Amino acid sequence: MTADPLPYPLRLTGTGIVLREWQPEDLTDLIALLDEPEIARWTPMPSPFDEESGKAYLKRAHQGRTSGSRIQLAITTDGGRPLGEVLLFSVNHDLREAELGYLVGHPHRRRGLASAALSTLSGYACGTLRLRRLLLRIDPANVPSTLVARRCGYWLTGEPPIVQEGPYGPTRLETWEYVDGRSATRPERQRNVAYRRYGGRR
Ligand SMILES: CC(C)(COP(=O)(O)OP(=O)(O)OC[C@H]1O[C@@H](n2cnc3c(N)ncnc32)[C@H](O)[C@@H]1OP(=O)(O)O)[C@@H](O)C(=O)NCCC(=O)NCCS
């Protein structure tokens with residue numbers, strides 16, 4: 001695979017969602033979305049997430065997009081106001097791998113937005129960008145995020161967790177993968193069903 005820059009600009013449509021580029025006009029909405037305890041807890045966002053943070057964030061997003069090094073799109077329902085964000089970064093062209101991430105603003109959760117956004121970007125990454133293996137890093141205590149991963153067809157790998165110190169104590173980031181064209185084995189499917197029924201209990 002050639003190390004072509006990632007496409008820019010980009011607009012992707014999925015079930016009930018439109019993923020679009022961030023714009024400078026999104027600053028106020030971005031701050032409202034990101035200045036929130038769950039985002040502070042589970043993502044590397046600065047907290048409080050103020051106007052200065054928001055401007056720096058949009059600037060970095062723009063740089064990442066125009067340089068073609070990452071995909072960073074606002075989640076909307078119709079191309080209008082941003083309700084969250086989905087990203088693709090750390091592309092390894094030789095291994096045809098990349099990492100993805102997502103967040104949804106507090107008032108917009110539990111409506112399937114993160115699942116729709118992750119499915120759409122994963123489909124684009126495998127179908128159009130020809131990536132083969134997509135990765136998520138999730139602390140198992142972040143149950144909503146693990147549910148999104150499972151719903152979108154990602155599976156927990158056995159890789160050792162990445163332990164990081166953060167302002168809320170250590171996080172243990174487990175690696176989830178989506179491998180294009182791979183179907184789940186029977187134990188994996190059973191485990192998935194059990195997990196969805198009983199949450200974190202094993
Ligand atoms: C994780 C997050 C992105 C989920 O966004 P969302 O739009 O609410 O997720 P969805 O609506 O697509 O939910 C997917 C599944 O998780 C379930 N779910 C979501 N939040 C849940 C919660 N708080 N408790 C229980 N189940 C939850 C949904 O019911 C759905 O289950 P289903 O497949 O059985 O219907 C959101 O909670 C968030 O932004 N958290 C803070 C940032 C973060 O943790 N990002 C990920 C870092 S790894």
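Trainee: What makes β3 count as mostly covered?
Mentor: It's the tally: 6 of the 6 residues in β3 are buried. Buried means under 20% relative accessible area, with exposed over 50% and partly exposed in between (1.4 Å probe, protein chains only).

Trainee: What should I know about the model before we go on?
Mentor: It's predicted, and local features need pLDDT of at least 70 and side-chain atom pairs pLDDT 80 or more, while totals for chains, interfaces and linings use all residues. Residues are numbered from 1 along each chain as its sequence is written, and side-chain values use heavy atoms, leaving out hydrogens and water.

Trainee: Why are β3 and β4 called paired strands?
Mentor: First, the names: helices (H or I, at least four residues) and strands (E, at least two) are DSSP runs, numbered from the N terminus. Two strands pair if DSSP finds at least two bridges between them. Strand β3 (residues 71–76) and strand β4 (residues 84–92) are joined by 5 bridges and run antiparallel, so they pass that test.

Trainee: Which residues face each other there?
Mentor: I71 has L88 in β4 as its bridge partner, and Q72 stands opposite L87 in β4. On neighbouring positions, keep one general point in mind: in a regular strand the side chains alternate between the two faces of the sheet.

Trainee: Which other strand pairs with β3?
Mentor: Strand β2 (residues 17–21) does, in the antiparallel sense over 4 bridges. R20 has A74 in β3 as its bridge partner.

Trainee: And what joins β4 to β5?
Mentor: They pair antiparallel over 7 bridges, with β5 covering residues 97–104. L88 turns up again here, with L100 as its bridge partner in β5. β4 and β5 form a hairpin with 4 residues between them, and R96 in the turn has a positive phi of about 55 degrees.

Trainee: How do you know that the length of α4 fits a helix?
Mentor: The expected span is 1.5 Å times one less than the number of residues. For the 15 residues of α4 (residues 113–127) that gives 21 Å, and the end C-alpha atoms are 21 Å apart, so the two agree.

Trainee: Why is α4 described as largely enclosed?
Mentor: Because 12 of its 15 residues are buried. Among them are L113, A114, L118, Y124 and C126.

Trainee: Why does S115 count as buried?
Mentor: S115, which lies in helix α4, has 8% relative accessibility, so it falls under the cut-off. Leaving aside neighbours within four places in sequence, S115 is in contact (heavy atoms within 4.5 Å) with V148, R151 and C152.

Trainee: Why is E36 called buried?
Mentor: E36 has 11% relative accessibility, so it counts as buried. E36 is found in the loop between α1 (27–34) and α2, and a polar atom of its side chain lies 3.3 Å from the backbone nitrogen of E38.

Trainee: Last one: why is I31 buried rather than partly exposed?
Mentor: The relative accessible area of I31 is 18%, so it's buried. I31 is found in helix α1. Beyond neighbours within four places in sequence, I31 is in contact with F49, D50, E51 and G54.

Key
Polar contact = N/O pair within 3.5 Å; in protein donor to acceptor, adjacent residues only side chain to side chain.
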